[in-house]
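This report describes one protein for a reader who has the sequence and the 3D structure at hand. Please look at both before reading on.

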Amino acid sequence: GQDPKVVATRVSAAKSLSDAIKDADYLQECVPEVLNIKKAVFKNIDKAVSETGNSKIILGSSTSNMAASTFTNDLKARSQCMVCHPVNPPFAI
């Protein structure tokens, strides 16, 4: 493993969602299984993706009982969204 103090030097706070994802490869959403909340969160994520032009980022959702289409239908970055529940084994994603 790596020295935790060294790893901690690579972590920083962002002033906005756009700043946080501008160079990111992956974003994991983990909000309650409430459709209105998921829609609002993904709307904000979609806006940030559009602002940054980050077309490579994968937008993962931790939903376990909703089809992604129920909260991503109106997104510009819809093709970048997928369900990636953090407790699913990798071969099942």
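I58 counts as partly exposed, at 35% relative accessibility. The classes are set with a 1.4 Å probe on protein chains only: buried is under 20% relative accessible area, exposed is over 50%, and partly exposed is in between. The model is a predicted one, in which local features need pLDDT of at least 70 and side-chain atom pairs count only at pLDDT 80 or more, while totals for chains, interfaces and linings use all residues. Residues are numbered from 1 along each chain as its sequence is written, and side-chain values use heavy atoms, with hydrogens and water left out.

I58 lies in strand 2. Strands here are DSSP runs of E with at least two residues, helices are runs of H or I with at least four, and both are numbered from the N terminus. Leaving out residues up to four places away in sequence, I58 touches D25, Y26, L27, Q80 and M82; a contact means heavy atoms within 4.5 Å.

P32 sits in the loop between strand 1 and helix 3. With neighbours within four places in sequence set aside, P32 is in contact with I37 and K38. K5 belongs to helix 1, which covers residues 4–8.

The table gives the accessibility of these residues and one C-alpha distance for each.

| Residue | Relative accessible area | Class | C-alpha distance |
|---|---|---|---|
| K5 | 68% | exposed | 39 Å to N36 |
| P32 | 49% | partly exposed | 14 Å to P86 |
| I58 | 35% | partly exposed | 17 Å to K39 |

## The sheet

The protein has four helices and three strands, and along the sequence they follow the pattern α-α-β-α-β-α-β. The three strands form an open sheet in the order 1-2-3, with parallel pairing. Two strands pair if DSSP finds at least two bridges between them. Strand 1 (26–29) and strand 3 (81–83) stand at the edges with a single partner strand each, so one side of each has no neighbour in the sheet. On average, neighbouring strands are turned by 25° against each other, direction ignored.

Strand 1 and strand 2 pair over four bridges, and L27 has L59 in strand 2 as its bridge partner. Strand 2 (residues 58–61) is joined to strand 3 by three bridges; here S61 has V83 as its partner.

Helix 3 (residues 35–52) lies across strand 1, strand 2 and strand 3, and runs at about 170° to strand 2. Such angles run from 0 to 180 degrees between N-to-C directions, with axes fitted to C-alpha atoms, for helices over the stretch in contact.

## The whole protein

The C-alpha atoms fill a box of roughly 40 × 35 × 20 Å, taken along the principal axes. Of the 93 residues, 30% are buried. Among contacts with a separation of 6 or more, 62% are between residues 24 or more positions apart.
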